[in-house]
Amino acid sequence: MKDSASMKLSVKRKGWTRREWHYFWLGLLFASPWIIGFLVFTVYPFFSSLYFSLTAYDLFNPPQWVGLDNYKQIMTDERFYKSINNTLFMAFISVPISLASSLIIAIMLNFKVKGINYYRTIFYLPAVIPIVASALLWTWMLNPDFGLINMFLRAVGLPDPAWLMDPRYTKPSLILMGLWGSGAGALIFLAALQGVPQQYYEAAQVDGANGWHRFWKITIPALSPIILFQLIMGLIGAFQIFTESYILAGGKSVSGSIGGPDQSLLFYAVNLYQEAFMNLKMGYASALAWILFIIVMAITLVLLKTSRRWVYYGGE
Amino acid sequence: MTLKILRTKILPHTVLIVFSVFFLFPFVWLLFTSLKTSNEIFALPPRILPEAFHWENYKAALETVPFPRYMWNTLVICVICIIGQLFAAPLVAYSISRIPWVGSKIIFAIVLATMILPSQVQMIPQYIIFTKLGWVNTILPLTIGAFFGAPFYIFLLRQFLLGVPKELSEAAKIDGASEFRIYTQIILPTLKPALATVALFTFVGSYTDFMGPLIYLNDAAKWTITVGLQGFQQDHGAQWEQLMAASTIMAIPMILLYFFGQKYFMQSGSAFTGFK
């Protein structure tokens, strides 16, 4: 980030001049909506959820201090481990797949052919469909007997799984639906691809590098900052999967659970929602939220640390 | 020569067309299912084309569930959120990119950090606050946040402002214009395209939000379109023709918005590359 004038003004001086005070109050005034919102809706909830995580609280009776009981209980809760396993599956399988597919689509959209704008429109279109609507559509597409996907699979002689009814196939269903929406990620890659200096490719071509080499030696390193960004956002997103799982699981089941067959769609955020808003265990759910926070921070820090080995920033 | 045409024209188009089919076919399936009779839907083997176009499915879907009402509820929330973001986000972006004060760097860093903070961490205390205020089952919890500026939009507008030449406001300052005047009369007009992007994304965000309305709106008369459609799925799960008709109705505003505002959607891609 570039140095802004503000830092130069205030560094190594004892008092502020009138001008500096003037800008201080002005800056504060202009930023005040965000500052108020940040304090009321982020800072306060952030710390009070830490407090609630140490209590038993059902909204109707005052919170009761229970110390670390919620955390201890979570460590022995089967549903917690189930949700972690399901979420890790999405993080380690689904996120890389969707990153790869976004990148492939971006490369295709970077072809220098006529009418590329039409293709761009088509590829991005699924990403603008509200998740609730697209999840309903995919529920129907993946219907074992009457759905389009199995119709196709049977036609080409492949096995036709029961998709959303079979716990082994619910997460692949989710991945499939995610692939359909990968135009959104592709657009971000595309913008980055178009920023790669053309001379690099021309120089490599002169040196006799083939397309495969150019991809790994030029495209991937040039895109690495964006890959890192999308990877971080994707992994954090995996821990927040909710709507698509809720709809694909068909909403609340008769038993009042929202995790789909054999809890195979019980993801971290789904479990958290269920504990908080269906079971009204606000303290327990707050502890889950704090564990989520720690996981997300750890992922981000580890990725940022290791990124120095594989992310290349231009001009360094 | 022919080989070159094959490589530079035919091959790329073939690949693109194959993928286009994959992306478009679910839409075709959505539309055709919404026009079938229930007998056709559960026919074996399934067929893609309906025998006749049963547009009455749409009428039936609109009658089974009060979609116009849900649509209205949704629009009210969308409009309030747009007003909120357009008020707050540019103010904050201006503060951190144009006013030389110590807070600008600090706030920018926090804005970036909050973008990766999972909303679940604040979700429960927020719910408790809104419960105590008696705001649950009203649209206030879904709209009030917009008036404080969302991090992503602040970031987006800041990026845009960095590209606006400083001379533009310096000249006005020499003429004795106040900071507020410069903001409203010079900065805001130049920000128009970026503000349009913010309005568009805010609309899309509120229109497609599911978890917020699910948590805060208990009363079916207050539901938004997403929660309403899910309720429909819950109660009429087997009526696929109506469900698909309702899904189509829900998707149409987004598709229209996309076709008319494509430029702004596409900008979002380049906005993210600014992160590095």
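**Exercise 1.** In this predicted model, determine how much of residues 106–129 of chain B is helix and how far apart the end C-alpha atoms lie, then relate the stretch to its UniProt annotation.

Solution. Over residues 106–129 of chain B, the chain is 88% helix and 0% strand, with 27 Å between the end C-alpha atoms. Turning to residues 243–260 of chain B, one finds 100% helix and 0% strand, the end C-alpha atoms being 26 Å apart. The unreviewed UniProt entry places the feature "transmembrane region" at several stretches of chain B, including residues 106–129 and 243–260.

**Exercise 2.** Describe the extent of the contact between chain A and chain B, and identify which residues of chain A lose the most area to chain B.

Solution. Begin with the count, to which chain A contributes 101 residues and chain B 99 residues. Next take the area: the two chains bury about 8,800 Å² between them, of which 82% is on carbon and sulfur atoms. On the side of chain A, the most area is lost by Phe30(A), Trp34(A) and Trp140(A), which together account for 10% of what that side buries.

**Exercise 3.** Characterise the polar interactions across this interface and the composition of the side that chain A presents to chain B.

Solution. The search for salt bridges across the interface of chain A and chain B returns zero, whereas ten residue pairs are found in polar contact, both residues being at pLDDT 80 or more. Helix 2 of chain A, residues 18–52, gives the most to the side touching chain B, namely 22 residues. Sorted by type, the residues of that side of chain A comprise 76 nonpolar, 18 polar and seven charged.

Terms used:
Residues are numbered from 1 along each chain as its sequence is written. Chains are lettered from A and ligands numbered from 1 in the order in which they are written. This is a predicted model: local features need pLDDT of at least 70, side-chain atom pairs count only at pLDDT 80 or more; totals for chains, interfaces and linings use all residues. Side-chain values use heavy atoms; hydrogens and water are left out. Contact means heavy atoms within 4.5 Å. Buried area is the accessible area (1.4 Å probe) that two parts lose on being put together, summed over both. A salt bridge is a side-chain nitrogen of Lys or Arg within 4 Å of a carboxyl oxygen of Asp or Glu. A polar contact is a pair of N or O atoms within 3.5 Å; within protein, one must be able to donate a hydrogen and the other to accept it, and residues adjacent in sequence count only if both atoms are side-chain atoms. Helices (H or I, at least four residues) and strands (E, at least two) are DSSP runs, numbered from the N terminus. Ala, Val, Leu, Ile, Met, Phe, Trp, Tyr, Cys and Pro count as nonpolar, Asp, Glu, Lys and Arg as charged, and the others, Gly among them, as polar. UniProt positions are given in the numbering used here, feature names are shortened, and annotations may be inferred rather than shown by experiment.
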